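Me: I am new to this structure and would like to learn how its features are read. Could you take me through them one at a time, with the general idea before the case at hand?

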Amino acid sequence: MKNYILHKANTRGEANHGWLHSFHTFSFAGYRNDERNNFGNLRVLNDDTVAAGMGFGAHPHDNMEIISIPLSGDLAHKDSIGSQEIIKQGDIQVMSAGTGITHSEYNANSDKEVKFLQIWLFPNKFDVTPRYDQMTFPDVRNELVQIISPNQDDAGLWIHQDAWFHLGKVDAGFETTYELKNPENGLYIFIIEGDVTIDDKELNKRDAVGITNAESVSIKANSTAEILLMEVPMKINY
């Protein structure tokens, strides 16, 4: 029998530092919720808005797979392995922190906010050589586009975890079924925009649902919507 964990948008943790307004799906920084520390190997899902010209100064990470998905605006990235890039809506960024990496993320514009999702996963390999990559994806509608996988030769970017991410920009009435790559995995679905029915669960903007014990999940868009699907192992390697 499928198990569901529903996370409504208004139940997330919130931190407003002026220059940064962030909503935390899972425990992060000053937000602590013992019932929301992670979903399997999905450790962090932050919905961040950074004020014009502001950002995160240089700070370290290790042994974490970090994914950034810009929703609007432009985000400037710089790190200790020589990467210096701008990511914008339509781009996806991945960073394997491995043995250790220092990076900064700034709003590249002085006249508008940047909004992005910051996602962390526990890796399945530890102390790897740090790496950075990004890709611009085509602006297609009414399909689930694979953006992340464990395989270097597969569609999209790859990470050190047996996880698959799909992003879908869909019209009202769109219906599909997502087949899990591994039925022992869990599927965490985050509604970026719009109104969507996942199996029989009604979700709205910034709502999410975690599903386990499933081989497939039905998806129906009740309005124009943007959906992020994250299939992750539930057993944590740590």
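Me: Which residue takes a positive phi in the hairpin of E2 and E3?
Reply: Strands (E, at least two residues) and helices (H or I, at least four) are DSSP runs numbered from the N terminus, and two strands pair if DSSP finds at least two bridges between them. In the hairpin of E2 and E3, which has three residues between the strands, glycine 18 takes a positive phi near 90°. Strand E2 (residues 13-16) and strand E3 (residues 20-24) pair in the antiparallel sense over four bridges, and glutamate 14 stands opposite phenylalanine 23 in E3. This is a predicted model, in which local features need pLDDT of at least 70 and side-chain atom pairs count only at pLDDT 80 or more, while totals for chains, interfaces and linings use all residues. Residues are numbered from 1 along each chain as its sequence is written, and side-chain values use heavy atoms, with hydrogens and water left out.

Me: What is the strand order of the open sheet of seven strands?
Reply: The order is E1-E20-E17-E22-E15-E13-E14, with mixed pairing. Its edge strands are E1 (3-7) and E14 (157-158), each of which pairs on one side only. Further in, strand E15 (residues 164-170) and E22 pair in the antiparallel sense over seven bridges, and the bridge partner of leucine 167 in E22 is leucine 228.

Me: How many aromatic pairs are there, and how is a pair read?
Reply: Rings of Phe, Tyr and Trp (its six-membered ring) pair if their centres lie within 6.5 Å, and planes under 30 degrees apart count as stacked, over 60 as edge-to-face and the rest as tilted. By this rule the count comes to five aromatic pairs. The rings of phenylalanine 26 and tyrosine 188 have centres 5.6 Å apart and planes at 50°, so this pair is tilted. It links distant parts of the chain, since phenylalanine 26 is in the loop between E3 and E4 and tyrosine 188 is in strand E17, 162 residues apart. Phenylalanine 26 is buried, with a relative accessible area of 1%, and tyrosine 188 is buried, also with 1%. Phenylalanine 56 and phenylalanine 116 form an edge-to-face pair, 6.4 Å centre to centre with 85° between the planes. Phenylalanine 56 lies in strand E5 and phenylalanine 116 in strand E11, so the pair ties together parts that are 60 residues apart in sequence. Phenylalanine 56 has a relative accessible area of 18% and is buried, and phenylalanine 116 counts as buried at 2%. Trp19, Phe56 and Phe116 form one aromatic cluster.

Me: Why does isoleucine 236 count as partly exposed, and which residues does it touch?
Reply: Isoleucine 236 counts as partly exposed because its relative accessibility is 31%. This residue is found in the segment after strand E22 (225-233). Contact means heavy atoms within 4.5 Å, and, not counting residues up to four places away in sequence, isoleucine 236 touches Asn38, Gly40, Asn41 and Phe122. The C-alpha atoms of isoleucine 236 and asparagine 41 are separated by 5.5 Å, although these residues are 195 residues apart along the chain.

Key
Buried means under 20% relative accessible area, exposed over 50%, partly exposed in between (1.4 Å probe, protein chains only).
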